[in-house]
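Here's a quick briefing to read alongside the model. Have the sequence and the 3D view open as you go.

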Amino acid sequence: MVAPDHFTVANVWARMQEIKVVDSHTAGEPTRIIIDGGPSSGDLGGGSLADRLAKFRDKFDSIRSAVVNEPRGSDVLVGGLLCEPVDPSCAAGIIFFNNTGYLGMCGHGTIGLMETLKFLGRIESGVHKIETPVGIVAAELFADGQVAIENVPSYRLTQSVSVEVPELGLVTGDVAWGGNWFFLVKEPVENLDADRRHLTEVALKIRHALQQEGITGVGGAEIDHVELFGPPLDSKNHSRNFVLCPGGAYDRSPCGTGTSAKLACLAADGKLAAGELWRQESILGTVFECSYQVAESNPNQVLPTIRARAFVSGQSTLILNPDDPFCMGIPS
Ligand code: PYC
């Protein structure tokens, strides 16, 4: 067997043959948090979370794949590496990743992280700060298990961008940031009751067309999430979405960063006032309760609050046997 590249960092590898994780799901979307046995802050250079993410990607990407890809995980799983925060007032630092790479921020994942920290006895009810590669987010754990996260400043970058999509025609949407880059499709191009494989194909075609047309976020950043909207299943809710995630899986939850991007667009269109409730329904019918405040530092940006509940669904030790041909996961 060819030794995976991380064997070059033999000492680190010796520690990483067993990785302890806690699994949870938030409104149906799973999160797997590495609580022990992953790369330590020392292995990652101890800098900012953004610097540590870069080191994780450069030196230990095979660990990401081992944790979230098959045979231990699947395309839908979001992973998180629990880190020492730089700012000691933060309860934890986190680097989120998935089957193909890394996420700046993850809303459902942060709610899952809070439930995981509670499960481990590391936090109690109250407000806690969490450090991420794209900034600090505040999260409040309530006595009933609900968590409200205050996401990073979110904004619409471009309104009504049209792109020609093979077999779909002209598709128009907004480009917005909610901690990740999103294309929020304006008109319903599809009935959300359609087969989810079909919705995935539609969203993949739109994402591909955006890439072909060179439509990006700030600084050429890839728009790796595509959001389709339709009427809610439950009339108590305001909207239903289908969110394509970077690796090609769809979000089972309403997507925290995607809903933040949606709030930014609603605010920019004058369709939702600061503090007003927005109930975003997922493709499964699960709900995030949301609102926003206008950012003091920039009136064109909003500070979204996303409230939901996560449930711990497992606690296990992943075994990384170097003799296993799929020890480091099956790349997707
Ligand atoms: O909840 O922000 C989110 C998210 C991003 C990707 C999957 N879920």
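How many of the 8 residues of helix H3 (residues 61–68) are buried? The count is 7 of the 8, so H3 is largely enclosed by the rest of the structure. Buried means under 20% relative accessible area, exposed means over 50%, and partly exposed is in between (1.4 Å probe, protein chains only). Helices (H or I, at least four residues) and strands (E, at least two) are DSSP runs, numbered from the N terminus.

This is a predicted model, where local features need pLDDT of at least 70 and side-chain atom pairs count only at pLDDT 80 or more, while totals for chains, interfaces and linings use all residues. Residues are numbered from 1 along each chain as its sequence is written, and side-chain values use heavy atoms, with hydrogens and water left out.

- The buried residues of H3 are Ser-62, Ile-63, Arg-64, Ser-65, Ala-66, Val-67 and Val-68.
- Pro-71 sits in the loop between H3 and strand E3 (78–83), and a cis peptide bond links Glu-70 to Pro-71, with omega about 10°.

**The ligand site**
- The ligand sits in the largest cavity. A cavity here is a set of points, on a 1 Å grid over the protein atoms alone, where a 1.4 Å probe fits but cannot get out; sitting in one takes more than half of the molecule's atoms within 2 Å of its grid points.
- Around the ligand you'll find Glu-29, Cys-106, Gly-107, His-108, His-225, Cys-245, Asp-251, Cys-255, Gly-256 and Thr-257, using a cut-off of one heavy atom within 4 Å.
- Helices H4 (107–119) and H6 each supply at least two residues of that shell.
- The protein covers 99% of the 250 Å² of accessible area that the ligand has on its own (Shrake-Rupley method, 1.4 Å probe).
- Cys-255, from the shell, is in the loop between strand E13 (239–244) and H6. Cys-255 is buried at 4% relative accessible area and has a positive phi of about 70° although it is not a glycine.

**Thr-26 in strand E1**
- Thr-26 belongs to strand E1 (residues 18–26) and is buried, at 0% relative accessibility.
- A polar atom of the Thr-26 side chain lies 2.9 Å from the backbone oxygen of His-108.
- Beyond its neighbours within four places in sequence, Thr-26 has contacts (heavy atoms within 4.5 Å) that include Ile-111, Ser-253, Phe-288 and Arg-309.

- Arg-156 is part of strand E9 (residues 155–165) and is buried, with a relative accessible area of 17%.
- Its side chain makes polar contacts of 2.9 Å with the side chains of Asp-174 and Asp-269. Such a contact is a pair of N or O atoms within 3.5 Å; within protein, one must be able to donate a hydrogen and the other to accept it, and residues adjacent in sequence count only if both atoms are side-chain atoms.
- Glu-167 is in the loop between E9 and strand E10 (169–177). Glu-167 is exposed at 73%, and its phi is near 70°, a positive value in a residue other than glycine.

**Leu-266 in helix H6**
- Leu-266 lies in H6 (residues 256–268) and is buried, with a relative accessible area of 7%.
- Setting aside neighbours within four places in sequence, Leu-266 is in contact with Lys-271, Leu-272 and Trp-278.

Terms used: 1 Å grid on protein atoms, 1.4 Å probe; cavity = no way out; pocket = protein on both sides within 12 Å on 5 of 7 lines; lining within 4 Å.
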